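Please find below a colleague's note on the model under review.

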There are 2 protein chains.
Amino acid sequence: MADLFKPITETMLMGPGPSCVPAAVYEALARPTIGHLDPRFIALMDEIKALLRGVIGTRNDLTLPISGTGSAGMETCFVNLVEPGDRVLVLVNGVFGTRMADVAGRLRAEVDTLEFEWGTPVRVDAVREKLADGPYAIVAVVHAETSTGVCNPVAEVGQLVAPTGALYLVDTVTSLGGMPVAMDAWSCDALYSGTQKCLSCPPGLAPVSFSPKAVEKLKARGTKVPNWYLDLTLITSYWGGEKRSYHHTAPINMLYGLYAALQCIDREGLESVFRRHREAHEQLVAGLGQLGLEMLVEPAARLPMLNAVCVPDDVDEAAVRKSLLEEHDIEIGAGLGPLAGKIWRIGLMGHTARAENVARLIAAMKSVLG
Amino acid sequence: MADLFKPITETMLMGPGPSCVPAAVYEALARPTIGHLDPRFIALMDEIKALLRGVIGTRNDLTLPISGTGSAGMETCFVNLVEPGDRVLVLVNGVFGTRMADVAGRLRAEVDTLEFEWGTPVRVDAVREKLADGPYAIVAVVHAETSTGVCNPVAEVGQLVAPTGALYLVDTVTSLGGMPVAMDAWSCDALYSGTQKCLSCPPGLAPVSFSPKAVEKLKARGTKVPNWYLDLTLITSYWGGEKRSYHHTAPINMLYGLYAALQCIDREGLESVFRRHREAHEQLVAGLGQLGLEMLVEPAARLPMLNAVCVPDDVDEAAVRKSLLEEHDIEIGAGLGPLAGKIWRIGLMGHTARAENVARLIAAMKSVLG
């Protein structure tokens, strides 16, 4: 039997996630597995919740990592909050907004979308106008649209949503840990993320947080949550309270990894982490500019951690990615949907967002593009 | 900030899972993360599927690990196969049968249960009689009931279900990798498991397999699967076919762990693995007998890997577990539901199922019980 681990060597992960993982996180993953009801593990769970609250910018009691990848976080928010017939407004300007609408529709919500051109941000005035068609039970938006590199104005949208009484649901999969996320200040009621982006932990967990208003809606449901695995009314009795009740067996070693990843961020300090992301982004844009490459997104709406770069007309984009991976051990991402073949997506997430990594990529791009 | 990793040391895991993890699996978890669409990772995914088919005893094309723990496997089977109004029969003799009925009910199935006393197996004659109330769209049963230590007659039930046209759904969370599982020979249509029991990989993944008949039902659905994250019509286009389409970011490092765990089993050989479980079980029962302890389940229905031991009337069961953990670094499990306080659950799963471990437990029990 061939050993398929042999070719798997350290790779510089500059795609849309997963990102590079710090040594402390790898070490954590390999620590001895203990039981999911062991008091030592419960202590670690409590600390993970506290650290998550810090990164998310919230005081919400219901803040915990879901046992699945980022998309399970999306599913968790919708399946716990949507009841059949609820009117849900999703602001769409990329793959992940589109996915939200799909998820909500499957749960028998009455889904309304407000669409914006991919590569451009959600326009606040259009949202204001659309909200007049309400009332909506939920308004949902993606903070950092991973498919396009666009940052949406989530604080401004939150100000419009709050007075309508709708729950405000925000996707921070790609932004969390790489730029300011301020759940409480945004009047956000439900938020989810993933571990494999700016938290720099391998994929497998989805931090989620619910405001007291969201918890109220959850408790007032007329029907059971139509998903046992992601039912927060059950999961919270394992993740909180005096007596911890077994729900499902938590992914112990992945949670070790998340704890270590959150410790790294806590030690460095959020401000310093965010600055590192911004500086790496500026270095990247300047370096790509010198190679004659242009960015898809206008400067004001650019994310630091996900950079959409226009592929020049005469360049085979897949061949460039292949050369980077095979000859330089660097992964960058392709475009999705209408942007397939038109952009590269260069991630500068978490541990990846460092000057030496950006310099290495620019040198490799220069060599590959000739 | 306190380092909560410090107290987490090697613990002998003899509860209902997680089980002890071999060194090769820990090493695998800490291997360099690469991209979820990297050709080296796709090769590893294909090998995982092939190895899983061997352990599951199937030729099913749709065989893959779901990105969640064992309960996500349960959710996956039901959410993909149940359509509202479908009649589902669940055979219940413990926590996990009860959970199946709950999961199916949330998906708007018309759920019928056939109940047996906890600690006793499903009776085939009662199933035969109940099937006359059909037709059912799905008949579901747990192979190894983790809450009681009972082995259910899944092959015999399969023979009864096949001619009725119902899909036959079997939970092998605790049995897979510790005793023979023969999905195809059982005429089983949908099967799920978990990694943290006899596969001896930390929790976080749920192997799932669908027969061609189950895939047919999935493809013939009149409505979308009401769960985007677990929708197998989407997941299979990432896990199979020529062009792998991104669905969600796979839990890369957990899959490294599963690959290493399956390699360990493959190298040892299934027959040898099963013999090791049986021998450890016999050694345990004999050793406990010498301490005057009795088993809950009659010999013919006992599982090798999950041993329900009656707590003597004059013994504080929680204090015994606490002493074992704190003084001997051994975890055993408590009873659940109606068996809480009445039994201990001693797991001999995967890497844990070794003569030296059983001897160590018996000596510790002797010391703790005085």
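Predicted model: local features only at pLDDT ≥ 70, side-chain atom pairs only at ≥ 80, totals over all residues.

The numbered points below take up the interface, the symmetry and the core in turn.

1. Extent of the interface. Chain A and chain B meet through 58 residues of chain A and 58 residues of chain B. On the side of chain A that touches chain B, at least two residues each come from helix H1 (23-29), helix H2 (39-56), helix H3 (70-81), helix H4 (95-106) and helix H9 (252-268) of chain A. The most is given by H9(A), with five residues.

2. Composition of the interface. Sorted by class, the side of chain A that touches chain B holds 29 nonpolar residues, 17 polar residues and twelve charged residues.

3. Symmetry. Chain A is superposed on chain B by a rotation of 180° with 0.0 Å of shift along the axis, at an RMSD of 0.0 Å. The two copies are therefore related as by a two-fold rotation axis. Within chain A, Gly68(A) has the C-alpha nearest the axis, at 2.6 Å from it. Both copies use the same surface, as 98% of the contact residues of chain A recur in chain B.

4. Nonpolar core. Which residues have the most contacts inside the largest nonpolar core? They are Ala104(A) and Ala104(B), in a core of 258 residues. When neighbours within four places in sequence are left aside, the contacts of Ala104(B) are Phe78(B), Val82(B), Val88(B), Val90(B), Ala109(B) and Val111(B). As a general matter, nonpolar side chains tend to be buried together in soluble globular proteins.

Notes. Residues numbered from 1 in each chain as written. Chains lettered and ligands numbered in written order. Contact = placed C-beta atoms within 7 Å. Helix = DSSP H or I, 4+ residues; strand = E, 2+ residues; numbered from the N terminus. Nonpolar A, V, L, I, M, F, W, Y, C, P; charged D, E, K, R; others polar. Least-squares fit on C-alpha atoms with pLDDT ≥ 70 in both. Core = buried A, V, L, I, M, F, W, Y, C linked by C-beta atoms within 7 Å. Buried ≥ 20, exposed ≤ 12 C-beta atoms within 10 Å, placed from the backbone.
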